Amino acid sequence: MMIRLAMTLLFIAGTASCVHAFDVTGRLSDSATGKPVAGATVGIEELFLTTETGPQGNYAFTGVAPGIYHLVFSHGRYGVERMSIRVKRNIRVDRALEKKTYDAGTTEKHYASHALAADSITRDDIRKYPLRG
């Protein structure tokens, strides 16, 4: 009798945990072209889970418990994006990422006082601005 009760409780506990685990899937694409974004990292922040998108831009997490989470998308050409999701059933999150442009700025030196200002660097310039690399 005791064994039967224990087995029943284990079965119920196992069934309950399976019922409340869901899948979070999706596809990442380029917002301008619609082409898949392969090699992006996708993570569920609170669960410390990460995966990488495949050649078609697809990703998947299985066994995610119900709750509110932050989904993070990261790729060198697209930067990092973060969004909130609520998991209460299997959910699909497709996202179109926009390419990020990084501006390193410009550095210019003006040689206005030199006669050949646009064409030459003087010995004094080299002493004043030595290479450090």
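Predicted model: local features only at pLDDT ≥ 70, side-chain atom pairs only at ≥ 80, totals over all residues.

Student: Which strands make up the open sheet, and in what order?

Tutor: The open sheet consists of 4 strands in the order β3-β2-β5-β6, and their pairing is antiparallel. Its edge strands are β3 (49–52) and β6 (79–87), each of which pairs on one side only. On average, neighbouring strands of this sheet are turned by 20 degrees against each other, with direction ignored.

Student: Let me zoom in on β2 and β5. How many bridges join them?

Tutor: Strand β2 (residues 41–44) and strand β5 (residues 67–75) are joined by 4 bridges, and the two run antiparallel.

Student: What stands opposite Gly-43?

Tutor: Gly-43 stands opposite Val-72, which is in β5.

Student: Changing topic: which residues touch the most other members in the largest nonpolar core?

Tutor: That core has 18 residues, and those touching the most other members are Leu-28, Tyr-59, Phe-61, Leu-71 and Phe-73. The elements that give two or more residues to the core are β1, β2, β4 (58–64), β5 and β6.

Student: Let us take Leu-71, then. What is it in contact with, leaving aside neighbours within four places in sequence?

Tutor: With those neighbours left aside, the contacts of Leu-71 include Tyr-59 and Phe-61. Also among them are Val-24, Val-42, Gly-43, Ile-44, Met-83, Ile-85 and Val-93, as well as Glu-81 and Arg-82.

Student: Now Ser-29. Where does it lie?

Tutor: Ser-29 lies in strand β1, which covers residues 22–30.

Student: Is Ser-29 buried or exposed, and why?

Tutor: Ser-29 is buried, because its relative accessible area is 12%, and buried means under 20%. Beyond its neighbours within four places in sequence, Ser-29 is in contact with Gly-34, Lys-35, Pro-36 and Val-37, and also with Arg-95, Ala-96 and Leu-97.

Student: Last one: how many of the contacts in the whole chain join residues at least 24 apart?

Tutor: Among contacts between residues at least 6 apart in sequence, 45% join residues at least 24 apart.

Note on methods. Residues numbered from 1 in each chain as written. Heavy atoms only, no water. Buried < 20%, exposed > 50% of the residue type's maximum accessible area, 1.4 Å probe, protein only. Contact = heavy atoms within 4.5 Å. Pairing = 2+ DSSP bridges. Axes fitted to C-alpha atoms, helices over the stretch in contact; angles between N-to-C directions. Core = buried A, V, L, I, M, F, W, Y, C linked by side-chain atoms within 4.5 Å.
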